[in-house]
Amino acid sequence: MSRGVSGAVMRAVGARDHQATVREVVPITATCTRIRFRSKTLFDDVHYGAASWVRGWFPDGTGREFQRGYTFTEADPDSGEFALDFVLHEPSGPASRWAANAEPGATIDFVFMGSRPFEPSDIPPAGYLLIGDAAAVPAINSILAAVPEEIPVELYLEEHDPCDREMPIGTHPRLNARWIRRTDASSLADALESRDWSDWYAWVTPESGSLKEIRKRLKEFGFPKSEIHAQAYWVQGKEMGKLREPGGEEDHVPAGAGAPAHAASTPDASQGTATARPAGADTAATTETTDGRAEQEPGRWRAGGAGRLLAPLRRVLIVAGVAQALITIVQLAPYVLLVELGRRILSGSDAGGLWTVGIIAAVLLAVGTLLETALLLWLHVVDGRFSRNLRGRLLAKLARLPLGWFDARGTGSIKTVVQDNTLSLHYLVTHAVLDASAAAVAPIAVLVYLFTVDWALSLFLLVPVLAYLFTMYRMVMRSQAEIPQAQRWADRMNAEAAVYLDAQPVIRVFGGAMASGFRRSLDAYVGFLHRWQWPLGTAKTVMDLTTRPTTFLWLIAAVGTWFVAAGRLTASDMLPFLLLGTMFGARLLGIGYGLSGLKTSMVAARDIQAVLDEPELASDSAAVPQSEGRPAGEVRYDAVTFGYRTGLPVIHDVSLTLAPGTVTALVGPSGSGKSTLAGLLARFYDVDSGAVSIGGRDIRTMVPDELYRHIGFVLQDAQLVTGSVAENIALPDREASRERIEQAARAAHIHERITRMPDGYDTMLGPDAALSGGERQRLTIARALIADAPVLILDEATAFADPESEALVQRALGRLARDRTVLVIAHRLHTIVGADRIVVLDHGRIVESGRHEELLASGGRYRALWDADDSDRTMVEALR
């Protein structure tokens with residue numbers, strides 16, 4: 001470990017030296033060398049992930065060492081082996097010279113401190129903008145491997161040497177990479193495409209001078225700071241790192257804050273080049289600046305959603321925070337008067353004066369309490385109105401969102417937005433600002449007052465505070481990698497615990513893999529917590545002790561007694577310290593709690609605003625022309641293309657007509673687009689291009705209520721709502737008579753089962769009603785009969801039916817499908833052999849179409865699916 005101030009600080013926060021031995025030196029380009037190391041202990045500290053890095057101490061040949069950071073290119077924590085890429089530009093620095101001459105068997109010390117792996121956000125951005133140069137390639141490659149395949153990536157790399165282009169760049173399905181030749185510090189910034197970058201995340205790690213220009217450019221684009229990771233990896237023309245000399249202090253050489261870097265380089269002055277903007281990229285309104293560079297209007301980020309949601313409350317919260325600060329001072333005044341009362345008692349003042357001070361203190365105490373109560377009542381009224389309006393906006397928004405939005409989310413996440421997040425905002429409005437304000441003002445006011453009494457003794461009160469802050473900083477530094485892991489572990493274990501508890505009847509009878517799998521996960525979680533928290537036990541104890549009133553009491557008593565004995569302080573001057581100083585540390589804790597509440601509430605506000613910003617189903621009859629003379633139940637897909645993310649279609653140019661009174665089945669392998677294509681008819685999503693029409697009318701011209709009068713659904717997962725059996729059946733038409741409800745139930749072959757229920761059609765049901773899968777399906781078929789829509793979508797309606805119920809469900813479906821346009825999503829091919837038309841999809845395209853016999857005879861994709869389905873069916877029958 002290094003000596004000097006910086007080394008002492010790093011040791012204090014838990015950093016350790018780990019010796020690594022060079023195993024292999026492999027040239028990557030003429031200016032880049034990959035060195036493979038092995039260390040027995042390094043990965044005891046390292047939390048390896050995308051863009052993780054370590055600090056090395058590199059000698060310069062004169063007894064001095066430079067500290068430099070490098071990103072892992074390869075790592076195998078189990079074996080302790082890892083690799084780093086060293087860029088070898090001239091003039092070289094100590095690390096570059098060491099790497100150029102390194103041979104197997106050489107050793108170097110490494111320290112792991114401050115690195116936090118890159119992790120994709122839980123709410124994926126619209127895309128990732130990666131900016132760097134040859135030194136940043138290892139980190140960028142690891143990020144490319146971590147970014148989900150469906151998210152676009154724009155990569156800009158600054159070329160300092162022609163050999164830089166030989167650096168191996170990672171792959172990604174939606175990567176668009178380009179090298180930019182450096183002519184000056186603004187070359188890379190000028191090359192950034194002027195477009196709408198809304199909701200993109202920027203990872204920016206070039207040379208220091210380039211970074212300054214890129215920051216300005218990203219600010220023009222509107223990037224918020226929360227959506228930018230910006231760190232200079234090196235400084236043009238300067239050696240980098242922290243210098244240590246044996247027995248001496250460390251000199252700081254500019255190093256981009258000690259981040260991963262490569263040695264200094266001097267690029268030549270050849271002209272810069274940039275690749276053209278990719279076809280199909282989004283454009284934005286642009287203007288021309290005085291320097292000739294195109295600009296565009298700043299984008300709009302959902303990261304700022306919390307500010308937009310809380311904008312109506314901003315003035316209220318500011319006023320509340322200021323009011324709480326004043327109230328806190330009023331509430332502290334009685335304690336100051338009590339100190340004065342004690343002084344007067346010790347000095348033998350007359351009783352009249354004592355009564356005056358005591359009464360004023362009591363009045364101020366009452367006034368402070370009344371003011372705080374009034375402030376809380378006012379904020380609760382404000383919160384009540386805000387919550388009512390917000391819930392109304394959310395419910396109205398949910399009613400306008402496409403059904404696909406709900407299909408992509410569980411009920412738990414929707415409940416979190418509507419209920420849990422709004423409750424978090426309640427704490428923000430009514431308590432968090434007040435708690436943070438009081439926690440900040442009270443210690444400062446107390447400290448200022450105590451300094452007026454005796455500044456020397458007041459300085460001693462800062463000793464536990466500084467110890468607390470330093471210990472907290474040490475814990476944060478050591479926990480940077482574990483904090484995000486802890487959240488992922490908590491989410492994972494919550495999900496696994498729910499599944500484990502739901503499966504208790506099966507587990508208790510059979511035990512087996514599920515029980516042992518949950519125990520393994522639980523043991524791993526406990527092991528993670530032990531590895532993380534056990535080394536922090538001492539730090540937590542120190543933090544607890546330094547903020548206890550008894551700690552301050554002993555400190556004040558010891559130092560105050562010394563001062564009194566030395567004649568520097570009077571006994572009466574000890575009173576304010578004993579009365580107010582003992583609670584100093586406890587009040588500081590309130591700052592952390594208040595800020596934590598604010599952070600949680602801001603995240604909740606961001607998530608709520610993200611829902612409110614979701615695109616709605618637009619109904620504009622003037623936007624899409626209507627066709628006349630088409631049969632009422634005819635469904636047409638006209639050159640339809642659709643993707644869940646822009647530029648990544650899952651349905652490609654599909655044209656298909658469903659004639660009235662016919663059954664069309666969609667078949668294909670998993671992921672071929674069957675459910676997506678059917679969902680477009682139900683307008684779960686809107687198409688990217690082309691059109692879907694019913695009776696010649698584009699469904700985008702219909703409001704949802706009108707659309708769902710034309711379309712009925714019977715899905716795999718039959719959904720019931722809280723209400724009676726009759727109410728569940730009559731959902732499409734609340735005015736349906738009991739006679740009509742019973743008629744629909746008879747046609748769906750569920751009437752007899754309903755009559756056996758305790759209260760018949762008045763029996764209360766809910767999402768967890770004790771009905772079999774087949775019974776649930778027949779209830780939804782009765783519901784579809786009430787709707788009487790001319791177009792019907794069936795998603796393998798017998799999938800969850802037992803063999804005995806399957807025949808009844810099939811008979812009910814036959815009754816329901818009569819004289820309707822039916823689209824069937826088929827997973828079991830034997831259920832659709834009688835369909836009028838079978839459409840075979842593969843990778844979002846129609847590859848075959850025809851009747852069952854025709855498709856079998858052709859020996860194409862359908863035949864292969866049929867043979868596979870027949871084998872599976874034979875195996876199931878054998879098991880029965």
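**Helices, a sheet and a cavity**

Q: Which strands does helix α25 lie across?
A: Helix α25 (residues 773-787) lies across β21 and β24. Lying across implies contact, meaning heavy atoms within 4.5 Å. Helices (H or I, at least four residues) and strands (E, at least two) are DSSP runs, numbered from the N terminus.

Q: What angle does α25 make with β21?
A: About 170°. Axes are lines fitted to C-alpha atoms, for helices over the stretch in contact, and angles run from 0 to 180 degrees between N-to-C directions.

Q: What kind of model is this?
A: It is predicted, so local features need pLDDT of at least 70, side-chain atom pairs count only at pLDDT 80 or more, and totals for chains, interfaces and linings use all residues. Residues are numbered from 1 along each chain as its sequence is written, and side-chain values use heavy atoms, with hydrogens and water left out.

Q: Back to the sheet. What is the strand order?
A: Six strands run β21-β24-β25-β18-β26-β27 in an open sheet with mixed pairing. The edge strands are β21 (711-714) and β27 (845-850), and each pairs on one side only. From one strand to the next, the twist averages 20°. Strands pair if DSSP finds at least two bridges between them.

Q: How many bridges join β21 and β24?
A: Four, in the parallel sense, with β24 covering residues 791-795. I711 stands opposite V791 in β24.

Q: Which strands does α20 lie across?
A: Helix α20 (residues 674-681) lies across β18 (663-667), β21, β24, β25 (821-825) and β26 (837-842). Its angle to β25 is about 150°.

Q: New topic. How many cavities are there?
A: Two of 30 Å³ or more. A cavity is a set of points on a 1 Å grid over the protein atoms alone where a 1.4 Å probe fits but cannot get out. The second largest cavity holds about 40 Å³, a volume being the space filled by probe spheres set on the points.

Q: Which residues line the second largest cavity?
A: L680, Y685, D686, V687, V692, D698, I699 and R700. Lining residues have an atom within 4 Å of a point. By class, five are nonpolar, none polar and three charged. Here Val, Leu, Ile and Tyr are among the nonpolar residues, and Asp and Arg among the charged ones.

Q: What is the phi of D653?
A: About 45°, a positive value although D653 is not a glycine. D653 is in strand β17 (residues 651-658).

Q: Is D653 buried or exposed?
A: Exposed, with a relative accessible area of 54%. Exposed means over 50%, with a 1.4 Å probe and protein chains only.

Technical notes: On a 1 Å grid over the protein atoms alone, a cavity is a set of points where a 1.4 Å probe fits but cannot get out, and a pocket is an open set with protein on both sides within 12 Å along at least five of seven lines; lining residues have an atom within 4 Å of a point. Buried means under 20% relative accessible area, exposed over 50%, partly exposed in between (1.4 Å probe, protein chains only).
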